[in-house]
Amino acid sequence: HAERKELVKLDPLPQLRVYQEHNKPKERAPSTAGSVMSDKKRSPEQPPLTRGTVATAATSRHPLSKKRKGASKLRDAKDFGDQIQDDPLIGLTDPLELVVRIKDQVGFKYMTAAVPQSSIDYHPYNLRVVVHEHINPNDYYTISATGVTRLRDNETEYTTLGNWEKEYRDYKILIKIKTFSNFRMWKAFAVWRKNVRTKKISQCKNDLKANLFIVNDSLRPALISVRDMCYRIGDMNLCRFDKDYTYHLKQFQDAQMSQLNEVTDRLAEFRELV
């Protein structure tokens with residue numbers, strides 16, 4: 001029966017057998033007490049060691065390793081922030097100088113408006129190079145050696161660096177024209193004049209509603225009478241002639257003088273009454 005078992009037993013694959021022989025734990029001789037095994041010998045109940053358990057054990061043996069790594073990362077981040085703050089382009093506002101110097105840079109830089117929109121110096125090319133923390137997430141620019149990109153309200157507008165420089169030069173030429181250079185001042189004056197005029201008209205309307213003559217019992221009849229006489233005077237003609245009659249010069253002259261005298265008398269009467 002033992003010989004049969006020897007025949008049934010199969011040898012493992014050569015590589016697997018070599019691996020098993022290499023990793024097979026070696027038993028150490030018993031200690032002088034004869035009852036305590038070596039600490040390195042694994043008990044049958046202990047699970048096999050894996051890569052994760054080895055890493056956990058190594059970490060537990062060195063509890064300060066994570067703190068050291070965290071401190072190293074903080075130092076690296078601080079050094080990187082110092083490098084950004086020391087960037088010579090940070091704070092630059094001249095577009096032409098920025099175009100020249102950005103060509104030698106690797107990557108891109110952030111830009112934002114140098115002044116608020118309410119300022120008289122605000123225009124699309126008055127920008128300042130800033131770090132990422134100082135941008136407006138809803139409206140900012142990026143500039144690189146290839147071009148300028150504007151990101152506003154989830155919309156992107158890209159312009160090549162050459163075109164952006166040309167547009168800035170054209171803008172500087174246009175802004176020298178009086179119409180464009182004084183536009184902000186004219187607009188402010190027009191808005192002020194409109195507001196003042198609207199306020200005065202509104203005040204006059206309120207005063208008339210509070211003190212309207214036509215609703216006064218004492219003044220209403222006189223106002224209606226004067227208005228009636230004005231209509232009658234307005235219906236009078238300074239020149240009178242008949243289209244179907246041919247006038248001689250003397251007849252035409254007499255007719256016009258008669259009409260003029262009648263109008264004069266009516267105006268004199270109106271003047272005395274009013």
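Predicted model: local features only at pLDDT ≥ 70, side-chain atom pairs only at ≥ 80, totals over all residues.
1. The side chain of Arg169 meets that of Glu165 in a salt bridge, with 3.1 Å from N to O. Glu165 counts as partly exposed too, at 21% relative accessibility; buried would require a value under 20%. The two residues are four apart in helix α6, so about one helical turn separates Arg169 from Glu165.

2. Now to the neighbour of that helix. Helix α5 spans residues 95-102 and helix α6 residues 161-174; they pack with their axes 10 Å apart, at an angle of about 165 degrees. That angle makes α5 roughly antiparallel to α6, since angles over 145 degrees are counted that way. As for handedness, α5 and α6 cross in a left-handed sense.

3. Which residues make the contact between α5 and α6? From α5 come Pro95, Leu96, Val99 and Ile102, while α6 supplies Leu161, Trp164, Glu165, Tyr168 and Arg169. Sorted by class, the contact of α5 with α6 holds seven nonpolar residues, two charged ones and no polar ones. I would point you to Glu165 and Arg169 here: both belong to this contact, and they are also the partners in the salt bridge of point 1.

4. Arg101 pairs with Glu97, and their closest N and O atoms lie 3.2 Å apart. Both residues sit in helix α5 at a spacing of four residues, so they are separated by about one helical turn. Arg101 is partly exposed at 29% relative accessibility, and Glu97 is partly exposed with a relative accessible area of 33%.

5. What does the salt bridge between Asp139 and Arg150 tie together? The closest N and O atoms of this pair are 3.0 Å apart.

6. A last word on the count. Searching the whole structure gives five salt bridges; among them are Arg169 with Glu165, Arg101 with Glu97 and Asp139 with Arg150.

Note on methods. Residues numbered from 1 in each chain as written. Heavy atoms only, no water. Axes fitted to C-alpha atoms, helices over the stretch in contact; angles between N-to-C directions. Parallel < 35°, antiparallel > 145°, perpendicular 65-115°, else oblique. Left-handed = near helix turned anticlockwise from the far one by under 90°. Contact = heavy atoms within 4.5 Å. Nonpolar A, V, L, I, M, F, W, Y, C, P; charged D, E, K, R; others polar. Salt bridge = Lys/Arg side-chain N within 4 Å of Asp/Glu carboxyl O. Buried < 20%, exposed > 50% of the residue type's maximum accessible area, 1.4 Å probe, protein only.
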